[in-house]
Amino acid sequence: MPETIDEQQPGFDGLVPSDKQRISREAVIEAGLRYLRESGTDSICKVCISHAGSCCIDCLHLQDRVGCQRRNTGCTAWLCGFHNFLLYELDQLEAWNRFWDEVPGQDYRTDETPAFLYMSRSLSAPDFRLVSEAFASDLEELAVKHVALGFIFTLREKLDKQVERAALYRDDPRYSTEINRRIQELSYPFYRFRAALHDYRLRAADRDGA
Ligand code: SF4
Ligand code: SF4
């Protein structure tokens with residue numbers, strides 16, 4: 001259970017761990033949205049939505065042509081298979097998950113996150129907009145080629161499953177080789193993405209070595 005404190009809840013005794021910052025629920029949501037916005041993942045959403053893959057379908061909080069009317073920590077923290085895969089390949093997934101592990105009350109399409117909480121971590125996205133946009137272009141090309149209903153959903157679920165397995169069996173070579181091979185197979189048609197990811201990794205290595 002993450003250690004968080006709601007000052008409005010009975011039992012809060014005024015003691016705040018020194019390594020934590022007070023932050024509002026709204027600021028936590030905004031930090032997540034800013035990360036996704038600045039890293040260009042909305043370009044993937046645009047393609048996904050235009051090919052009927054939206055994860056918000058049938059949600060009561062979705063207003064047609066306007067968007068979500070009730071942003072919550074649960075939906076902000078949740079990553080679909082495409083975003084999960086993207087952050088996994090960029091080595092950003094653990095940092096994302098560690099940040100959200102500190103946020104209590106997340107639920108399906110809603111939350112019970114307190115108005116204020118205390119967190120030790122923050123979120124900042126490295127610049128991988130070009131990688132996101134390359135992925136979105138590949139996805140658009142694939143979706144146009146594969147018009148069968150459910151293509152986007154099936155591909156997303158397959159990527160999600162393998163990324164989840166990769167996290168689960170990270171330290172087990174009996175499975176990790178096979179899982180990585182499966183991920184490579186699934187991502188093979190994403191050629192713009194793979195080129196952009198290669199460039200990103202080279203730039204990151206240069207930066208780290210500088
Ligand atoms: S499923 Fe993923 S890519 Fe599609 S709209 Fe939702 S978050 Fe965006
Ligand atoms: S509550 Fe979640 S699923 Fe519903 S519209 Fe908002 S972001 Fe989409």
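With 24 C-beta neighbours inside 10 Å, Ser-132 counts as buried, because 20 or more such neighbours are enough for that label. The model in which this holds is a predicted one. Ser-132 sits in helix α6. Setting aside residues within four places in sequence, Ser-132 is in contact with Ser-39, Gly-40, Thr-41, Ser-43, Ile-44 and Leu-86. Leu-90 is 42 residues away from Ser-132 along the chain, and the C-alpha atoms of the two are separated by 10 Å.

Outside the four places on either side in sequence, Glu-133 is in contact with Gly-40 and Ser-43. Glu-133 and Ala-196 lie 63 residues apart in sequence, while their C-alpha atoms are 9.1 Å apart in space.

Helix α6 covers residues 129-145. It has 17 residues and reaches 25 Å from its first C-alpha to its last, close to the 24 Å expected at 1.5 Å a residue. The buried residues in α6 are Val-131, Ser-132, Ala-134, Phe-135, Ala-136, Asp-138 and Leu-139. What do the buried residues of α6 pack against? They pack against α2, α4 and α9.

Two packed helices are described by the angle between their axes and the distance between the axes. Helix α6 and helix α9, the latter made of residues 191-209, pack at an angle of about 170 degrees, and their axes are 7 Å apart. This angle makes α6 roughly antiparallel to α9. On the α6 side, the residues that take part are Leu-130, Val-131, Ala-134, Phe-135, Ser-137 and Asp-138. On the α9 side, they meet Tyr-191, Arg-192, Phe-193, Ala-195, Ala-196, Leu-197 and Tyr-200. Sorted by class, the contact of α6 with α9 has ten nonpolar, one polar and two charged residues.

Gly-40, a contact of Ser-132 and of Glu-133, comes just after helix α1 and takes a positive phi of about 75 degrees. Helix α1 itself spans residues 25-38. Its 14 residues reach 20 Å from the first C-alpha to the last, close to the 20 Å expected at 1.5 Å a residue.

Helices α2 and α4 lead on to the ligands. Which residues surround ligand 1? They are Ile-44, Cys-45, Cys-48, Ile-49, Gly-53, Ser-54, Cys-55, Cys-80, Phe-82 and His-83. The elements that give two or more residues to this shell are α2 (42-50) and α4 (81-89). The largest share, four residues, comes from α2. By class, the shell around ligand 1 has seven nonpolar, three polar and no charged residues. Ile-44, one of the residues around ligand 1, is also among the contacts of Ser-132.

Arg-109 has 17 other C-beta atoms within 10 Å, so it is partly exposed. Most residues other than glycine have a negative phi. Phi of Arg-109, however, is near 60 degrees, a positive value in a residue other than glycine. Arg-65 likewise has a positive value, with phi near 65 degrees. Arg-65 lies in the loop between β2 (62-63) and β3 (67-68). Is Arg-65 buried or exposed? It is exposed, because 4 other C-beta atoms lie within 10 Å.

The last stop is Thr-113, in the loop between β5 (110-111) and β6 (116-119). Thr-113 has 24 C-beta neighbours inside 10 Å and so counts as buried. Not counting residues up to four places away in sequence, Thr-113 touches Arg-25, Thr-73, Val-103, Pro-104, Gly-105 and Gln-106. Cys-55, from the shell of ligand 1, is 58 residues from Thr-113 along the chain, and their C-alpha atoms are separated by 21 Å.

Key:
Residues numbered from 1 in each chain as written. Chains lettered and ligands numbered in written order. Predicted model: local features only at pLDDT ≥ 70, side-chain atom pairs only at ≥ 80, totals over all residues. Near = placed C-beta within 6 Å. Nonpolar A, V, L, I, M, F, W, Y, C, P; charged D, E, K, R; others polar. Expected span 1.5 Å × (residues − 1). Axes fitted to C-alpha atoms, helices over the stretch in contact; angles between N-to-C directions. Parallel < 35°, antiparallel > 145°, perpendicular 65-115°, else oblique. Contact = placed C-beta atoms within 7 Å. Buried ≥ 20, exposed ≤ 12 C-beta atoms within 10 Å, placed from the backbone.
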